[in-house]
Every structure is written in C-alpha cells, then in structure tokens.
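Q: I have a protein model open and I'd like to go through it step by step. Can we start with the pockets and then move on to other things?

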Amino acid sequence: MRNLTLAAFAALSLITLGCERKTPAVDPKPPEAKPVDAGVAAAPKQDDVILLGEVGSLTGPEAAFGISTKQGIELALAEANAAGGVKGKKLEVRVYDDQSKPEEAASAAARLITQDHIALLLGEVASSNSLAMAPKAQEAKVPMISPSSTNPAVTEVGDYIFRVCFIDPFQGYVMAKYARQDLKMSKAAILKDVKSAYSMGLADVFEKKFSELGGKVAGIESYSKGETDFRAQLTALKKLKVEGLYVPGYYNDVGLVARQAKELGLKVTMMGGDGWDSEKLFELGGAALDGSVVSNHYSAEDPSPQVQNFITKYKEKYGAVPDSLAALGYDAAMVGIEAMKRSTDLTGPSIRDALAQIRDFPGVAGTISINEKRDAVKPAVVLQIKNNKFNYVATVKP
Ligand code: PHE
C-alpha cells in the first residue's frame, strides 16, 4: 500500500459530480412481485444475436444504482454494435428488475439462464444481491460480471464469477488511513446495516484498520435496511464524543442518518464508501452532508481523455453526468464484450477463460487487470462533499 497522492487535477475547473445531473426516468414499477422484463430485447434468440442478461435494482431503495448501471451498459452495447458487434453478431441485453431484493435477484438470474439462455450475466451492484445471484451462474457455468459489488465473498462463490471493481478490504483501508493520517482522527464510531453484506464487511475492515493505525473505535451501532429513524443509535453514539462516524451504507439510509445526526447536534465528520454514490444522497441529506468524506471508484473531475470522453458521450445520451455506477456498468459490459471477442466459441467455459486473462484493460473507472481471485486491482479515490457535490481530494493506489 502506498501513500496518499494528492493529485493536481483537484485544482482544475471541470464538471463535477452533481452539478448538472438530471434525475433519470424511473422504469415503471412492475405490477407483480416476479421480475419483469424491463427489456430491450424481446425478440426470440436468433443466430445473429448474442443475448446478454442483466439483473439490477430498477425500483426499490437502491433504484438509483440499477438505473445508472443500466445506462452505462446500454452505452457500451451501442458502441460495440456500432463497431460491428462480436464475431459478426449483434449484442442485445435483457434486463430484469430485482426491486432491490436478493431473492428477486436470484430468481431473475435463474430466469435469464434457464429461459433466455444468455451468454453472459451482468450484475448486481449491491453485494447481497450479487451473492444471491452468483450460485445460479456458477452452477450453470454462465460467466457473471458484477460491475460494482465490493464484498470479497462475491467472487469466492466460484470460478465463473468476476468483478471489475476493487474490493472492500482495500476501500475500508483507504478511509481508515485517510481518517487517521489526513484528518488526524483518533476516536471514531461506526453505524452499520446488519442486513447488508457490504455494510457488515466494510464496518469490520474499517474497525480493524483504524485500530491498527492507532485509532480507537469507541462504539458500533446498527440498523436494518428499511429503517428510517436512526435517532436512538445516534443518541447513543453522541455520548461517546467521537470525532468521526463511519457509515458504510447506501445513499438512501445515509442521507437520513446525516440529517438526523445534525438535528441531534452530533458534531462529527461522517465517512463512508462507494454506497453513498448517488445524486439522491443530496436530496435526502442536503447541507447535513457537508464536510463528509467517502472512498469511491472514480471521479468525474478526472481530466484524462478516457474519462472526459465517456462523460461527454453519456451526457449526450442521458443528459446527466455519469456516477461511478454508470462508469462501472460501462466497464463491466466492455470487459465482457472483449472476453467474448477473444473466446473461442462463445460458450460459458470459453468466455470464462477469456475473462480470466483480462489484463490492463482501459476502463473508465481505472485500468482493469483480473487477478487470480477474479477481482480487479485498481486505485480508489477519496471525495469530499461540499454544497451537494462530491469533490475530488486524492487517489490511493493499492
Ligand atoms: N460496493 C457496493 C456493494 O458492494 C455497491 C456500490 C458500488 C454502490 C458503487 C455504489 C457505488 O454493495
């Protein structure tokens, strides 16, 4: 692990996350509990088409994750098709909404595999949902790529499960180190979601790393996904007189936590991970989020042509600045497409073998090299919130 490198691009006046983003249209809520084809590809399987499957949270508390990811994937497919597709075939994607629920994610994955006969599975964002899907893909030998699930257990399900993002032991370390060394924080507390594999895992990493670096985690409180009143936990934490509060949750919960913490007079620097990344966070938390810091996958302020070209294309198509979900959705699809091009015969095993060989692939959210655990090893960024915007602070290399 190397030191924090303060990059020069913080000073550049570029488009920043959040300043021009419109709320994307939400797909209509499915009338029934079963996953519904939110679908792009309704046509029966044809010989000149390669059908991909996507499972995402298009409705429910994590809807912003699924919508951004879907848009990133669509953009990648449109580009790949315009460039001739794969082995002379056109790419299509069938998308099912899991309503932000693990059990729906599992049944959607099963349906894509057994009924739609997809060549490759893309998804999910939330680690708990990816964990529910992965055994279906593994069992059927259909390669699965999670764009953004960071819990280590996801790819441990088996040799058909890949991801194009870093994992939580790294992300948790990044924030613990930033808190200790840059914010000079000595006492912190944690508020975690017991229903989320992501939140539980990240809380453990932060506690361990922050302590190893000489800090003290003075208290840990928890909640369950779906709760909206965090006052009891925050009141208990207030008594501990900590300087920082690590909240490894999703935007939907974090926005409310920030607001209630402020109302209760809790004077802490709030810290989090990639799960905070949504424009919706600011709608919920507003000014109560000012000064908070998070680790994330990418910054829209990155001046590299790779990132800025992607932002331009995405804005043209969707009228919004892409968040890290959109960037990682795009990257996951592009890596999948590259593997299909390199595969001998487009079967599950041959696409899997090609995925395992991906090295130095130029992704928008960092260069992707798949390691022996089928994870991508790449840098993280530290972002600070000010005036309803994520501002770039630093890049941390693994
Ligand atoms: N990393 C989160 C998880 O594993 C999902 C996420 C990724 C959320 C990126 C926002 C941005 O559950």
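Q: How do the residues of the lining of the largest pocket divide into nonpolar, polar and charged?
A: Keeping in mind that this is a predicted model, the lining of the largest pocket divides into 9 nonpolar, 2 polar and 5 charged residues.

Q: What volume does the largest pocket have, and which residues lie nearest its centre?
A: The largest pocket has a volume of about 320 Å³, and among the 16 residues that line it, Ile-167, Asn-371, Lys-373, Asp-375 and Val-377 lie nearest its centre. The elements that give two or more residues to that lining are α4 (153–156) and α5 (168–182).

Q: Which residues lie nearest the centre of the largest cavity?
A: Val-125, Ser-148, Asp-274, Gly-275 and Leu-325 lie nearest the centre of the largest cavity, and they belong to a lining of 16 residues. By class, that lining has 7 nonpolar, 7 polar and 2 charged residues.

Q: Which helix gives the most to that lining, and which domains does the lining draw at least three residues from?
A: Helix α11, which covers residues 324–342, gives the most to the lining of the largest cavity, with 3 residues. At least three lining residues come from each of domain 1 (13–166 + 304–377) and domain 2 (168–299 + 382–396).

Q: And the second largest cavity, which residues is it lined by?
A: The second largest cavity is lined by Glu-54, Val-55, Gly-56, Ser-57, Gly-66, Thr-69, Ile-73, Leu-122, Gly-123, Glu-124 and Val-125. In that lining, 4 residues are nonpolar, 5 are polar and 2 are charged, while β1 (49–56) and α1 (63–82) each supply at least two residues.

Q: I'd like to look at Glu-124 next; where does it lie, and what is the peptide bond from Gly-123 to Glu-124?
A: Glu-124 lies in the loop between β3 (120–122) and α3 (127–140), and the peptide bond from Gly-123 to Glu-124 is cis, with omega near -15°.

Q: Which loop does Lys-87 lie in, and what is its phi?
A: Lys-87 lies in the loop between α1 and β2 (90–97), and although it is not a glycine, it has a positive phi of about 50°. Most residues other than glycine have a negative phi.

Q: What about Asn-387, is it buried or exposed, and where is it found?
A: Asn-387 counts as exposed because its relative accessibility is 58%, and it is found in the loop between β13 (380–385) and β14 (390–396). Its phi is near 50°, a positive value in a residue other than glycine.

Q: Changing topic, which helix does Phe-210 lie in, and is it buried or exposed?
A: Phe-210 lies in helix α6, residues 197–212, and counts as buried because its relative accessibility is 0%.

Q: Which residues does Phe-210 touch?
A: Leaving aside residues up to four places away in sequence, Phe-210 touches Ala-176, Ala-179, Arg-180, Met-185, Ser-186, Lys-187, Ala-188, Gly-215, Lys-216 and Val-217. The C-alpha atoms of Phe-210 and Ala-188, which are 22 residues apart along the chain, are separated by 8.6 Å.

Q: Last one: how many helices and strands does the protein have, and what percentage of its residues is buried?
A: The secondary structure comes to 12 helices and 14 strands, and buried residues make up 57% of the 398 residues in the protein.

Notes. Residues numbered from 1 in each chain as written. Predicted model: local features only at pLDDT ≥ 70, side-chain atom pairs only at ≥ 80, totals over all residues. Heavy atoms only, no water. 1 Å grid on protein atoms, 1.4 Å probe; cavity = no way out; pocket = protein on both sides within 12 Å on 5 of 7 lines; lining within 4 Å. Helix = DSSP H or I, 4+ residues; strand = E, 2+ residues; numbered from the N terminus. Nonpolar A, V, L, I, M, F, W, Y, C, P; charged D, E, K, R; others polar. Domains from an automatic or database assignment. Buried < 20%, exposed > 50% of the residue type's maximum accessible area, 1.4 Å probe, protein only. Points joined across faces, edges and corners; volume = space filled by probe spheres on them. Contact = heavy atoms within 4.5 Å.
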